[in-house]
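Have the picture open while you read.

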Number of protein chains: 2
Amino acid sequence: MPRNRRPQDRGAKLAEIVDAAVTQFSEVGFEQTSMARIAAAAGVTPNTIYWYVADKDHLLVAALELLLAEALSDLGTMDREPLVEQALWVVDRLRRHKTLVGVVHARSEHSSVVATWHDGFHALMDEMVTSRLARDGVPERQRDATARLTTFAVEGLLAHPTGPGETRAVLELVLGPDRRP
Amino acid sequence: MPRNRRPQDRGAKLAEIVDAAVTQFSEVGFEQTSMARIAAAAGVTPNTIYWYVADKDHLLVAALELLLAEALSDLGTMDREPLVEQALWVVDRLRRHKTLVGVVHARSEHSSVVATWHDGFHALMDEMVTSRLARDGVPERQRDATARLTTFAVEGLLAHPTGPGETRAVLELVLGPDRRP
DNA sequence: ACCTGAACACCGTTCAAGT
DNA sequence: ACCTGAACACCGTTCAAGT
């Protein structure tokens, strides 16, 4: 009778695979994580993964989308906090997945899915930061460059180990209270 | 009679291999470049490379060292130019090898040679920028964070495509003329 | 000292075959 | 529709063997 057997399992199984990928990518690293390893963690055979995702880069994008969605949802809570605090929170939150910054840049060169996700991510970041800068009264001429610089600072802080004081100092240099006129 | 046959060839051959690696890494990308490809470009068999370098990561470091030495030597020419111009020149100069930024970050996680080179590179950058900031009269408290931010900005500009105006705007935001009191 | 041919373990991915 | 066993082409690296 059921035209599609277990119609809700499909999404659930995919989610399991993506969850396994997120964990392995962040703990072991993208390149060091074989499809076989992810498959084992998800309780399937390596080739089964290919029924759910096209290839390893699509799996990376799925993992990134999940991570981003969670982070954005949590970030919503601190909507009214100063930008520096929000950026600081993002850095702290994503430190766990710092490996992925370099991986995204490296893979973007030769995988169009990753490149497309990467572009969209930056567009989103730019838009979020720019609108908040506008709200804070930063003059329009400075907004674009400040938004770009903010993203670069966040990526740089993620990719390189920096102490708490240093991290705050860098972000305040970009978004600091002295920037509000 | 010669205890070591062709004593000067050793360095020359190594240089050929590293040159081939630099070219292939920048044109095709590090991951996409197989040892076989580098070997072919250098006119040797794949396994011959292993007589000169320990592994692919050591070859990457050799390539980075060559690139950095060349860039620093050329940069010496513009020692007296404003910092913004120097940074702009560096970005423009290294755009050809932009792929390597992400690769270094990605490989640093699991290769100690690459990690060590990466650390040294940042220490050098910090020192260079800090000393120039001091010369420009930037107060000591701001120097460290500004130096860090400069590196992050340069890396960000390299990793992401940005137009000339945008690139300059970002760098001026960090090092701009308005920063001199 | 220098270089090679042949092999090793492993990788992402495919595919014919099962249910 | 979903999953698998077995295979494919390729990878970085090793090693015994040559000169």
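A:Asp9 sits in helix H1 of chain A; helices here are DSSP runs of H or I with at least four residues, strands are runs of E with at least two, and both are numbered from the N terminus. This is a predicted model, where local features need pLDDT of at least 70, side-chain atom pairs count only at pLDDT 80 or more, and totals for chains, interfaces and linings use all residues. Residues are numbered from 1 along each chain as its sequence is written, chains are lettered from A and ligands numbered from 1 in the order written, and side-chain values use heavy atoms, leaving out hydrogens and water.

How exposed is A:Asp9? With a relative accessible area of 35%, A:Asp9 counts as partly exposed (buried is under 20%, exposed is over 50%, partly exposed is in between, using a 1.4 Å probe and protein chains only).

Helix H1 (residues 9–28) gives the patch its largest share, 3 residues.

Now for chain A as a whole:

| Feature of chain A | Value |
|---|---|
| Helices and strands | 9 helices, 0 strands |
| C-alpha trace span along principal axes | about 65 × 40 × 30 Å |
| Buried share of 181 residues | 48% |
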